[in-house]
Amino acid sequence: MKQTLSKVLAALFLLGLITLPASAAFGDYNTIPHENKIAVDCSVARGIISGRTDGNFDPNAPVTRAEMSKMITIILNSGKAPTLSSGTASYTDTGSHWAKAYVEYCAKEGIVAGMGNGTFAPDGQVTYRQAAKMLLVVLGYDPAVEGFTGADWAKNIDTRAIQKNLYIASTAAAKGDTPLNRAAAAQMIWTTLSQKTVTYNAQKAAVDEPGTLDAKYFGEVELFNLIGETGVPHSTMWFDFTVNSFYTGKEYQGHVANEGAVFVVLNITMNHTWEWEEPIPMFLDDFVLLYGDYFTSPEIAWVEGMAPDTFELTVGKPQTYSFVFCIEDTVKDFELSFVEVFEGENGETEYGETYSIPYTLYHHS
């Protein structure tokens, strides 16, 4: 007979913090390159870039010059789309375009320029180098002083972009004219936000200012980013379980985490697979988070959809619940764990396999 895992772990010190998350993963979150996930989360948290209407992020889709203009405008307005006046268009192909106001805003700030023939090509794909130029100007670089126009514009942009880590020297020449996709755009934006703004001294030399671009426009933004597996079934003796999605943050469904704690919410589907086909009793703390020498059990449900204290799995009726955990916000690596615990023939407790899924929590301010 299956038993609750708490009987196995009761001897460990239980961290009883009260807390939890706030940011849903996109439906295609697993398709976002691992190295870009933090940048995507940070950019989304700041309102700079958003998902598609179908709930996906669409990381490989190209970014247009119009879309990049809008993102830049939102950065310069601290994450909000400002109310912009609709004046005369500076370009012949933006007069009736949805992004006309954003293009005009960026043009007046000296951030964007046309194609040299009176057009802007708003629906054209923005390249790495074009995006780098826009973001460098946002940081404070003067296009005229830096030579971002003229015969050597590409070389001059690449030089500054490499200095600010927007792309690396070994790929600058080859990548500069490559169209930028949404994941890469988020990465370039996040890297730019992490850089110090610049100004010019009396000799017209660019010098770093004390603070970052992020601090200038967004102040203190606390973000928790979770990296780990979703969508992979794991088969235990009695049932399969799959983590569908996860959430992390200081708030969840009206609750705010205690000082120094963060919510981790894992949405899990469980499907009865036991050969005897009898109902399987399930307990809230069958799943725990393990980190170091400690573990924490899920919070008791306070809203519909959270895992109840007890429930049953029956044949042909998968159950899906959100398991809400609260852990210290200094914890980086932890595991979602399920251990097969059951009663042996003589009534003694026996243990089967342990199923663990590793996750890494990143804390950004």
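**Notebook: helix packing and strand pairing**

I began with α3 and helix α5 (residues 128-139), which pack at an angle of about 15° with their axes 11 Å apart. Axes here are lines fitted to C-alpha atoms, for helices over the stretch in contact, and angles run from 0 to 180 degrees between N-to-C directions. Helices (H or I, at least four residues) and strands (E, at least two) are DSSP runs, numbered from the N terminus. I note that the model is predicted: local features need pLDDT of at least 70, side-chain atom pairs count only at pLDDT 80 or more, and totals for chains, interfaces and linings use all residues. Residues are numbered from 1 along each chain as its sequence is written, and side-chain values use heavy atoms, with hydrogens and water left out.

I recorded α3 and α5 as roughly parallel to each other; the cut-offs are under 35 degrees for roughly parallel, over 145 for roughly antiparallel, 65 to 115 for roughly perpendicular, and oblique for the rest. I then listed the contact (heavy atoms within 4.5 Å): Arg65, Met68, Ile72, Ile75 and Leu76 of α3 with Gln130, Ala131, Met134, Leu135 and Val138 of α5.

**Other helix pairs**

I next looked up helix α3 (residues 65-76) against helix α4 (residues 100-108), which pack at an angle of about 65° with axes 8 Å apart. In this pair, Ser69, Lys70, Ile72, Thr73 and Leu76 in α3 meet Tyr102, Val103, Tyr105 and Cys106 in α4.

For helix α2 (residues 37-45) and helix α9 (residues 182-193), I found axes that come within 8 Å and cross at roughly 75°. Ile38, Ala39, Val40, Cys42 and Ser43 in α2 meet Ala186, Gln187, Ile189 and Trp190 in α9.

**Strands**

I turned to an open sheet of four strands in the order β4-β5-β8-β13, with antiparallel pairing; two strands pair if DSSP finds at least two bridges between them. β4 (234-235) and β13 (319-328) stand at the edges with a single partner strand each, so one side of each lacks a neighbour in the sheet. Within the sheet, strand β5 (residues 239-249) and strand β8 (residues 261-272) pair in the antiparallel sense over 10 bridges. I noted Ile268 in β8 as the bridge partner of Val243.

Thr199 has Val207 in β2 as its bridge partner. Their hairpin has five residues between the strands, and Lys204 takes a positive phi near 60° there.
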